[in-house]
Amino acid sequence: MTMRANLHDFRPILSKALDGCDWWGIREYRETTQFRMARNGQNAKNETSFDHGVMVEAMVAGKIGYGATNELTSDGIERACQKAKTNAHLSALSSLFTFDPSIRPKAVGNYHSKFEKPLEELAPGLVQERLMKTTKMMAADEAVIEASAYVMITETQINYLSSNGSDWSQTFHMVTKDLSATAKKGEITQNRSLGMQGRQWGAESLEESQLLKESERIVREVHQLLVADDCPTEKMDMILSPDQLYLQVHESIGHPLELDRILGDERNYAGWSFVGPEDFGSLRYGPDILNVTFDPGLPGEMASYQFDDNGVPATKEFLIENGILKNGIGGIESQKRSGLGGVSCARATSWNRPAIDRMGNINIEPGESSMDDMIKSTENGVLMQTNRSWSIDDYRNKFQFGCEYGHLIKDGEIKGVVKNPNYRSSTVPFWNSLSHVGNGETFEIWGSPYCGKGEPNQVIRVGHAIPTCKFENIEVFGGA
Ligand SMILES: [Zn+2]
């Protein structure tokens with residue numbers, strides 16, 4: 001019997017236990033995660049974890065109460081129902097906002113992430129063997145003092161039923177990978193990596209030939225860094241590759257636009273935002289060429305889905321359109337509370353957490369510029385690749401980022417490699433210094449499974465599909 005059928009089997013218990021509620025819903029969450037790691041040709045980690053449970057939501061007098069359990073029996077479900085009902089009554093005593101059942105619209109459908117080759121093709125041990133082989137190859141280089149490879153394979157199924165007829169199911173197959181080599185020459189130590197890349201993917205993401213090709217490039221580039229000059233310290237133009245720009249978007253566009261931050265919910269833990277409710281519709285976040293979307297429909301991005309965890313159908317929406325701030329990253333509850341426009345982004349990290357405002361896929365729409373246009377138009381600049389470090393204040397305003405790998409650009413031509421490239425700025429001036437948005441040829445899908453937020457903490461997967469972009473007159477510095 002499938003788990004789907006099991007959830008349906010619980011409907012009589014739910015109907016009876018939650019009789020008298022204005023609305024109820026149940027979300028089942030089932031996830032298997034494999035962690036594989038190799039270091040210097042040796043096995044370093046080989047673990048599998050499994051998580052399975054349900055969250056019951058009950059609405060009484062406009063208040064939602066939650067009850068979660070991983071005891072998937074009639075008794076367990078009934079206790080979760082009683083807890084949800086009791087919590088809904090209790091929350092009426094310190095009410096923040098009165099909702100109605102329209103915050104849980106009826107939704108019916110199925111979603112399955114796209115892939116070329118099923119993950120089942122990766123027989124147990126095969127991934128480990130490939131990671132050991134890849135790191136052995138990198139570690140064989142005379143300058144490499146440590147080579148590591150990391151893969152996380154996640155299969156998640158979410159099933160949902162509600163009293164108003166919702167009945168949906170979503171299945172996600174995701175792979176996150178990274179390869180890294182640290183090399184030393186005299187007093188100089190440098191690191192080059194693939195950059196953490198998470199996507200909805202199948203077995204095609206872990207082809208041996210591709211892993212070996214990527215590790216050859218990493219070793220070649222770490223050698224370049226060992227003999228490279230330090231990045232200059234001066235105001236200059238800067239071209240950022242998608243493997244750095246995705247984190248820049250995440251930290252300085254994604255987080256400050258979260259409506260629960262703007263409402264103050266996250267102030268104690270994840271921080272607040274420099275964006276205020278009055279900024280929507282008027283704040284010039286960037287020039288006309290900056291278009292930022294919430295796009296749950298791009299195949300392969302880590303947070304592509306059909307419904308958010310409140311069952312609200314997910315559609316592509318502009319957050320920033322022609323440079324002007326339009327919508328926040330807030331699900332239906334935050335939209336009602338704030339009166340601001342939002343997106344279908346309420347998600348829970350597992351069965352034992354309520355859905356909160358999360359980033360989903362936050363993308364920069366491709367522009368018109370080719371890589372060649374961006375380089376040729378640069379008199380004095382630097383091209384930076386792959387994030388190495390980052391820091392941003394609680395309001396998501398002032399920041400500093402460091403990258404692994406840089407190229408100097410002089411008079412429209414790429415010159416030598418530079419090591420330790422960094423830059424600093426503040427969010428709105430930075431995005432307004434954007435001069436070129438790369439075209440589709442520069443557009444890449446990146447993502448991370450490690451966006452943290454919420455109390456109790458919820459670590460969740462986010463996607464960022466990003467073109468290469470150019471910024472003018474940025475404070476660039478070397479060292480560190
Ligand atoms: Zn984050």
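This is a predicted model: local features need pLDDT of at least 70, side-chain atom pairs count only at pLDDT 80 or more; totals for chains, interfaces and linings use all residues.
**Pairing rule first.** I count two strands as paired if DSSP finds at least two bridges between them.

**Entry: E12 and its neighbours.** I began with E12, residues 317–321, and looked up its pairing with E13. The two run antiparallel and share 2 bridges.

Next I checked E11, residues 292–294. E11 is joined to E12 by 3 bridges, again in the antiparallel sense. Here I picked out Phe-294, with Glu-317 of E12 opposite.

Then I put the sheet together. It is an open one of 4 strands, ordered E13-E12-E11-E16, with antiparallel pairing. Which strands stand at the edges? They are E13 (324–325) and E16 (362–364); each has a single partner strand, so one side of each lacks a neighbour in the sheet.

A reminder to myself for picking side chains by face: in a regular strand they alternate between the two faces of the sheet.

**Entry: E6 and the strands it pairs with.** I moved on to E6, residues 167–185, and took its partners in turn.

- E4 (residues 108–112) runs parallel to E6, and 5 bridges join them. His-112 has Thr-171 of E6 opposite.
- E5 (residues 144–162) runs antiparallel to E6, with 17 bridges. I noted Val-151 opposite Lys-177 in E6.
- E7 (residues 188–193) is antiparallel to E6 over 6 bridges. Ala-181 faces Arg-192 in E7 as its opposite residue.
- E8 (residues 197–200) is antiparallel to E6 over 4 bridges. Met-174 has Gln-200 in E8 as its bridge partner.

E5 and E6 make a hairpin with 4 residues between the strands, and Gly-165 takes a positive phi near 95 degrees in it. The hairpin of E6 and E7 has 2 residues between its strands; its turn holds Gly-186, with a positive phi of about 60 degrees.

Entry: Ala-61 is not a glycine, yet its phi is positive, at about 50 degrees. I found Ala-61 in the loop between E2 (42–60) and E3 (63–69). The other case is a cis peptide bond between Glu-455 and Pro-456, with omega about -5 degrees. Pro-456 sits in the loop between E22 (444–453) and E23 (458–466).

**Entry: H4 against H5.** How do H4 and H5 lie relative to each other? I looked up the axes of H4 (residues 126–139) and H5 (residues 208–227): they come within 10 Å and cross at roughly 25 degrees. Angles under 35 degrees count as roughly parallel, and H4 and H5 are therefore roughly parallel to each other. The crossing is right-handed.

I then listed who meets whom. H4 brings Arg-130, Thr-134, Met-137 and Met-138; H5 brings Glu-208, Leu-211, Leu-212, Ser-215, Ile-218 and Val-219. By class, the H4 and H5 contact residues come out as 6 nonpolar, 2 polar and 2 charged.

**Entry: the two domains.** Last, I checked the domain assignment for the protein chain. It gives domain 1 as 3–227 and domain 2 as 230–477. Taken over C-alpha atoms, the centres of domain 1 and domain 2 are 22 Å apart. How many residues does each domain put into the contact? Domain 1 gives 42 residues and domain 2 gives 35 residues.

Key: Residues are numbered from 1 along each chain as its sequence is written. Axes are lines fitted to C-alpha atoms, for helices over the stretch in contact, and angles run from 0 to 180 degrees between N-to-C directions. Angles under 35 degrees count as roughly parallel, over 145 as roughly antiparallel, 65 to 115 as roughly perpendicular and the rest as oblique. A crossing is left-handed if the near helix is turned anticlockwise from the far one by less than a right angle, and right-handed if clockwise. Two residues are in contact if their C-beta atoms, placed from the backbone, lie within 7 Å. Ala, Val, Leu, Ile, Met, Phe, Trp, Tyr, Cys and Pro count as nonpolar, Asp, Glu, Lys and Arg as charged, and the others, Gly among them, as polar. Domain bounds come from an automatic or database domain assignment.
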